[in-house]
Amino acid sequence: MLSRNLATWGFLLLALMAALYANQAQHPVWKEQSYLYETFYTAEGRLMYRYQGEVLPVDGLVAYEDSPLRQVNLDRLQEEPAVKRQWVEKQDGQIMLLQADFHYGIWSLLPAFVTIALCLICREPIVALLAGIVTGAFLIGQFDIVDKVLIPSLGTQSAAAILVLYLWLLGGLTGIWAKTGAAQAFAQTMTRHFVRGPRSAKLVTWLLGAMFFQGGTISTVLVGTTVRPIADKAGVSHEELSYVVDSTASPIAVVLAFNAWPAYVQAFIFVPGVAFLATEADRIAFFFDSIPFSFYAILAVLGTLLMSLNIFTFSGKRLRKAHERAAKTGQLDAPSARPMSSGELHKVQVPAHYQANMWEFLLPLLLLLGIAVGTFMWLGSPKVNWAFGTALVVASAIALCKGMSLENLLDGFGDGLKSVVVASVVLMLAITIGGISKQIGGGLYLIDLLGETIPFWALPVILQLITMVIAFSTGTSWGTYAIAFPLAMPLAWMITQDQQLANPELYMAICFATVLNGSVYGDQCSPISDSTILSSMTTGCDLMDHVKSQLFPAGLAASAAALLWTCATFFAL
């Protein structure tokens, strides 16, 4: 432990010194960026453009040849340009916005590198993300971390929306379900009517994983705690059980994305000038349009279903041997296993006088699904806040009408908030480091370095591999999105333009899916991921037994997904 602490502080000190050196020694490399928007003239003859759903005036239109933001002029600069944004008109009449953006060369990747490296060293995502933020701030010469970096980032509308949805609504609803025992009552009803042995126990677990489609810690805790007693009684090995719980958490949240994921991810995929990513509604719709390309998530969910049916063709020898051991000897763990204690996660919190009913869980869940899916069909994007807010109000109202005291209800609500506080901190830090990465030009540098050299068919698998490494190292898929999307989406768009692809939106959807799914794979297989740890903890499995046993089926699904993404780029573009 002491050596790890020394390594952490030593590496952090070197990283900060490197950032300070780069701030003094590396001058920004300015690049011409051109963005196309929908422009039009009003009845009064005023030139306007649309940006994120708003109509704004075009001011100061100049000829492209006269603009100081042309690359030929930026190359001669010795200092910061006097003008950084300018509307220009080309000789063919095309109107576009020129912008002078910059990067620090390879130093622009320093915050992402520090974040990944520190996760490998100290295995603490919060420490790693915070270190990446401080490194990025030092790189741009900003030393007031709290007032000038954290507060402006956390004070954005996007951060506030994520905080309200993930902490208050999702955490509060989960806490009330735990306090009323609604989720447990539903699971017990399912198991009482359907569980007849190991196979049916695993099928019920798989079905509950699909129904708790919020992903991550929420799904693993709810599913793991509710099914373990029944699965243990049915003789399901803990390796099998933890694999089903883990592999139907985040993967199912990608496929059934009527949850917090689209609202969070859309904040990182805005690319100026790209019409189908212009507004928040456009980006959420783009998320849903890309779901058919989430090959890893689809294959992972199907793989767990096959194993639940006792079809071990694609599961690997570790899971097959665990199944045989439990069937022949009744031992749910390997002889050398050291199962993780689930501790507080299994304590019953329902008041003694309160009788739970499965409809207390099912009715809010059906309302949640109905509103999310209905608003998506009628309005073009799911109103997730409406869905969770309604479910929270209905769950609370049912509990109060059945006699639960307001004090107990608020206790449950508070416990739910506590259960997602750490995850919320990770999300807020992830949003901040994503903004810093964009500000210092990490994506712009990659475009400069790779944009003209990568064949279009190779980029999806390259993005998959990069995000797998980042998520495995950091133990968080959502943190990986903040690091990877600001780099990947501009790079993918540049390749569509440079290599003149016939269907740029389809190509962007494929690249988006590789980042989304590669991050899920890395998070799912990482031994420092909260969902991996909780999957082991709630099912009573040895952590490393769980990690090792799911590496083969997850790796097989990831390999098949890589092949499918490559084929899709060849045959669809």
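With which side chain does the side chain of Gln-86 make a polar contact?

Mentor: The side chain of Gln-86 makes a polar contact with the side chain of Ser-67, at 2.7 Å. Keep in mind that this is a predicted model.

Start with the surroundings of that residue. Gln-86 sits in strand β6. Its relative accessible area is 15%; buried means under 20%, so Gln-86 is buried. Leaving out residues up to four places away in sequence, Gln-86 touches Gly-60, Val-62, Ser-67, Pro-68, Leu-69, Met-96, Leu-97 and Leu-98.

β6 covers residues 85–89. Four strands form an open sheet in the order β1-β7-β6-β5, and the pairing is mixed. The edges are β1 (29–35) and β5 (62–63). Each edge strand has a single partner, so one side of each has no neighbour in the sheet. β5 and β6 run parallel, joined by two bridges. Across that pair, Val-62 stands opposite Val-88. As background, strands of a sheet pair through backbone hydrogen bonds, either parallel or antiparallel.

Compare another buried polar residue. Glu-360 belongs to helix α16, residues 359–379. Its relative accessibility is 5%, so Glu-360 counts as buried. The side chain of Glu-360 makes a polar contact with the side chain of Lys-402, at 2.6 Å. Beyond four places in sequence, Glu-360 touches Trp-177, Thr-180, Ala-182, Tyr-354, Gln-355, Ile-398 and Lys-402.

Next, the chain as a whole. The secondary structure comes to 25 helices and seven strands. Of the 573 residues, 56% are buried. Among contacts with a separation of 6 or more, 78% join residues 24 or more positions apart.

Helix α14 (residues 295–308) has 14 residues. From first C-alpha to last, α14 reaches 20 Å, close to the 20 Å expected at 1.5 Å a residue. Its buried residues include Phe-295, Tyr-296 and Met-307. After α14 comes Asn-310, with a positive phi near 65 degrees.

The largest nonpolar core holds 139 residues, and Tyr-296 and Phe-485 touch the most other members. Helix α23 (residues 504–525) gives this core its largest share, 13 residues. Another core, of nine residues, lies apart from it; Trp-206, Ala-210, Met-307 and Leu-319 are among its members. Phe-485 touches Val-265, Phe-268, Ile-269, Thr-480, Pro-490, Phe-512, Val-515 and Leu-516, not counting residues up to four places away in sequence.

Last, the confidence. The chain averages a pLDDT of 81, and 89% of the residues score at least 70. Over residues 342–346, pLDDT stays under 50. The model has 12 contacts for that stretch beyond four places in sequence. Where pLDDT is low, the predicted coordinates should not be read in detail.

Notes. Residues are numbered from 1 along each chain as its sequence is written. This is a predicted model: local features need pLDDT of at least 70, side-chain atom pairs count only at pLDDT 80 or more; totals for chains, interfaces and linings use all residues. Side-chain values use heavy atoms; hydrogens and water are left out. Two strands pair if DSSP finds at least two bridges between them. The expected span of a helix is 1.5 Å times one less than its number of residues. Buried means under 20% relative accessible area, exposed over 50%, partly exposed in between (1.4 Å probe, protein chains only). A polar contact is a pair of N or O atoms within 3.5 Å; within protein, one must be able to donate a hydrogen and the other to accept it, and residues adjacent in sequence count only if both atoms are side-chain atoms. Contact means heavy atoms within 4.5 Å. A nonpolar core is a set of buried Ala, Val, Leu, Ile, Met, Phe, Trp, Tyr and Cys residues joined through side-chain atoms within 4.5 Å. pLDDT is the predictor's confidence in each residue, from 0 to 100.
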